[in-house]
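Have the viewer open while you read.

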Amino acid sequence: MVSKVTDQADEPQGAYNRNSDVRYGAHCPGVVELTFKDRKHYIALTGVIVNLSVTGCLFSNDQMPWADKDADKSLDSIFDVINERCRIYIPWINTHSTGKIRRIGSFIIAVEFDEPLKEVLVKSVANLEPNQKRRFKPRIPGKYNRVLPIKRG
């Protein structure tokens with residue numbers, strides 16, 4: 001089960017350690033797609049990747065469906081309805097990745113990638129300066145930041 005707790009001292013050797021890689025500051029747009037356990041619905045959240053490493057990232061969005069929940073009491077119950085698996089899209093480097101949610105907060109999602117990204121791509125994102133031309137503006141804005149049915153076939 002995913003934990004929102006940031007203290008990792010009790011984890012077994014070889015377990016996820018968010019400090020095991022060099023994390024680069026990044027301020028780039030991103031999309032995290034979450035699926036519901038009913039396998040009938042999903043939500044694609046647009047936001048900002050605030051840091052990035054070859055093995056994971058920290059995604060931030062102030063419109064999370066659970067942003068108004070008390071972080072100390074109810075965030076663990078999110079995983080009663082949402083899968084721990086997710087997909088991430090980083091438009092600046094046109095990269096799609098799958099991963100596992102490792103931490104969750106009122107405005108953040110920490111993701112560990114299934115396959116490491118190339119370090120040269122991670123460094124290129126870290127070296128980019130945010131500006132208006134690099135903002136992510138979806139072609140179909142209604143497709144993001146709300147629950148939608150999964151289309152089959």
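Whenever two residues are said to be in contact below, they have heavy atoms within 4.5 Å of each other. Keep in mind that this is a predicted model.

## The overall layout

The protein has two helices and seven strands. Going along the sequence, they come in the pattern β-β-β-α-β-β-β-α-β. If you look at contacts with a separation of 6 or more, 66% of them are between residues 24 or more positions apart.

The protein has 153 residues, and 37% of them count as buried. Its accessible surface is about 9300 Å², with 48% of that belonging to carbon and sulfur atoms.

## The nonpolar cores

The largest nonpolar core holds 31 residues. Inside this core, the residues with the most contacts are Leu34, Leu52, Trp66, Ile88, Ile90 and Ile109. At least two core residues come from each of these elements: strands E1 (24-36), E2 (41-52), E3 (56-60), E4 (82-90), E5 (95-104) and E6 (108-113), plus helix H2 (119-127). E1 makes the largest contribution, with five residues.

There's also a second, separate core of five residues, and among its members are Val31, Tyr42, Ala44 and Leu148. Val31 turns up again in the list for isoleucine 88, which touches Val31, Val32, Cys57, Thr95, His96, Ser97, Val111 and Phe113 once residues up to four places away in sequence are set aside.

Threonine 95 sits in strand E5. Is threonine 95 buried or exposed? Its relative accessibility is 11%, so it counts as buried.

Which residues does threonine 95 contact, leaving aside neighbours within four places in sequence? They are Ile88, Tyr89, Ile90, Leu117 and Leu121. On the polar side of things, a polar atom of the threonine 95 side chain lies 3.1 Å from the backbone oxygen of isoleucine 93.

## Two residues with positive phi

Most residues other than glycine have a negative phi. Arginine 39 isn't a glycine, yet has a positive phi of about 60°. You'll find arginine 39 in the loop between E1 and E2, and it counts as exposed because its relative accessibility is 60%.

Asparagine 94 is another one: its phi is near 50°, a positive value in a residue other than glycine. Asparagine 94 is in the loop between E4 and E5. With a relative accessible area of 53%, asparagine 94 is exposed too.

## The cysteines

How many disulfides are there? The count is zero. The cut-off behind that count is a pair of cysteine sulfur atoms within 2.5 Å. For cysteine 28, the nearest cysteine sulfur belongs to cysteine 57 and is 8.4 Å away, so by that cut-off cysteine 28 is in no disulfide. Cysteine 28 is also buried, at a relative accessible area of 1%.

The relative accessibility of cysteine 86 is 4%, so it counts as buried.

Terms used:
Residues numbered from 1 in each chain as written. Predicted model: local features only at pLDDT ≥ 70, side-chain atom pairs only at ≥ 80, totals over all residues. Heavy atoms only, no water. Buried < 20%, exposed > 50% of the residue type's maximum accessible area, 1.4 Å probe, protein only. Helix = DSSP H or I, 4+ residues; strand = E, 2+ residues; numbered from the N terminus. Areas by Shrake-Rupley, 256 points an atom, 1.4 Å probe, with all protein chains shown as cover. Core = buried A, V, L, I, M, F, W, Y, C linked by side-chain atoms within 4.5 Å. Polar contact = N/O pair within 3.5 Å; in protein donor to acceptor, adjacent residues only side chain to side chain.
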